[in-house]
Each structure stands twice: as C-alpha cells, then as structure tokens.
Amino acid sequence: MIRTMLDSDQPETMPAGADLIATYADLWSLDLADYLRGLCRQVVWIDRGNGDPGGIASVLDVEPGLFRPGQVPAWLDAKGFARTPFRTVYCDRADLAAVEADAGGRRFWRWVATLDGTAHLDGAAWQDRPAAIQCLPAAKLGFHADLSLVLRAGWNPTP
C-alpha cells in the first residue's frame, strides 16, 4: 500500500494526516518530537549536516550545500555500526547513480526527489523502485512541506 510522507524544515507548520512526517535531526527537541507524534504515528529524522545530537537520524540528505555522494559510505558505515534501522539516502534523481556508485555495494534504502509531480523513475523496474519518491514541492501543496509517496511497505513500516 502506498503511504504519504510530508517533510519540512518548519515542522511546526505541517498539518496532520500524513502517514509519516520527516524533518531534520538538528531541530530535535522533546517538545517537537511529542508534537509531531501528535500529528502522525511516525517521524523520520534527517541528517542534513547541521548535527544529529541525539543520533536519531536515519536519512542522509545528499544535495548541494549539504552532503555529497562521496560522504555516503562513511555515514552508512557509522549508522550500520550504531544499528540504525532503515538507513536511507535522500537525493535527487540526477545524483542517484553517483550515490549508488559511491556506496560501493552497501545496503541502504533510497528516497529520491523529482519534485515535478513524477512519481516514478524512468527505467526502474518495480522491484528496483526506491522506498520513497518526493514528487510535490511546497508550492504545489500550498503549505511549507514537500510530499513524498512511500512505495515500499518495508521502509519504516507503520507501528
């Protein structure tokens, strides 16, 4: 079953109703975590390079000005050593090949951004689809969040 996920760097502005909410680990506070859990049952924390004080991030944000594909292996290894479940790399579809090449065969989930309304990757067979595709930006939603479709039931399954 396809689920929805909203992500934002202003998590306090997100509406209730998504299956998952994602935001940045450097914003973490107990109050924010409680607030977000009040909006939905699952919160996904993202490492954008501004710190992960609680070690809670399970997603690495690979995009200009944040992490680069070459930094993926060390992050995956560190999170694997910490036994972080659902280790995921978020990247634009244009960077996916570089991320996969630099990962060097390490296992991880993929969250791929298209942000043009496209909810698939050309040439990807059904079994090779990413865990999630971020397909709609805030400008299309009318509030400060992006929308992703979660395509893999096994990625951050509903508790």
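T4 stands opposite L149 in β8. This is a predicted model, in which local features need pLDDT of at least 70 and side-chain atom pairs count only at pLDDT 80 or more, while totals for chains, interfaces and linings use all residues. Residues are numbered from 1 along each chain as its sequence is written, and side-chain values use heavy atoms, with hydrogens and water left out.

**View 1. Strand β1 and its partners.** Strand β1 (residues 3-7) is largely enclosed by the rest of the structure, because four of its five residues are buried (buried means under 20% relative accessible area, with a 1.4 Å probe and protein chains only). β1 pairs with strand β8 (residues 146-150) in the antiparallel sense over five bridges, whereas three bridges join β1 to β2, and these two run parallel. In the latter pair, M5 stands opposite L20 of β2. Strands (E, at least two residues) and helices (H or I, at least four) are DSSP runs numbered from the N terminus, and two strands pair if DSSP finds at least two bridges between them.

**View 2. The closed barrel.** Eight strands form a closed barrel in the order β1-β2-β3-β4-β5-β6-β7-β8, with mixed pairing. Neighbouring strands of this sheet are turned by 30° against each other on average, direction ignored; axes are lines fitted to C-alpha atoms, for helices over the stretch in contact, and angles run from 0 to 180 degrees between N-to-C directions.

**View 3. Strands β5 and β6 with helix α3.** Strand β5 (residues 88-92) and strand β6 (residues 109-113) pair in the parallel sense over five bridges, and T88 stands opposite W109 in β6. Helix α3 (residues 96-103) packs on the sheet, where it touches β4 (59-62), β5 and β6, and its direction makes about 145° with that of β5; contact means heavy atoms within 4.5 Å.

**View 4. Surroundings of S58.** S58 is found in the loop between β3 and β4 and is buried, with a relative accessible area of 8%. Leaving aside its neighbours within four places in sequence, S58 is in contact with V44, W45, W75, T84, P85, F86, R87 and T88.

**View 5. The second largest pocket.** The lining of this pocket comprises 14 residues, of which D7, S8, Y24, Q134 and D146 lie nearest its centre. A pocket is here an open set of points on a 1 Å grid over the protein atoms alone, where a 1.4 Å probe fits, with protein on both sides within 12 Å along at least five of seven lines, and lining residues have an atom within 4 Å of a point.

How values were computed. Buried < 20%, exposed > 50% of the residue type's maximum accessible area, 1.4 Å probe, protein only.
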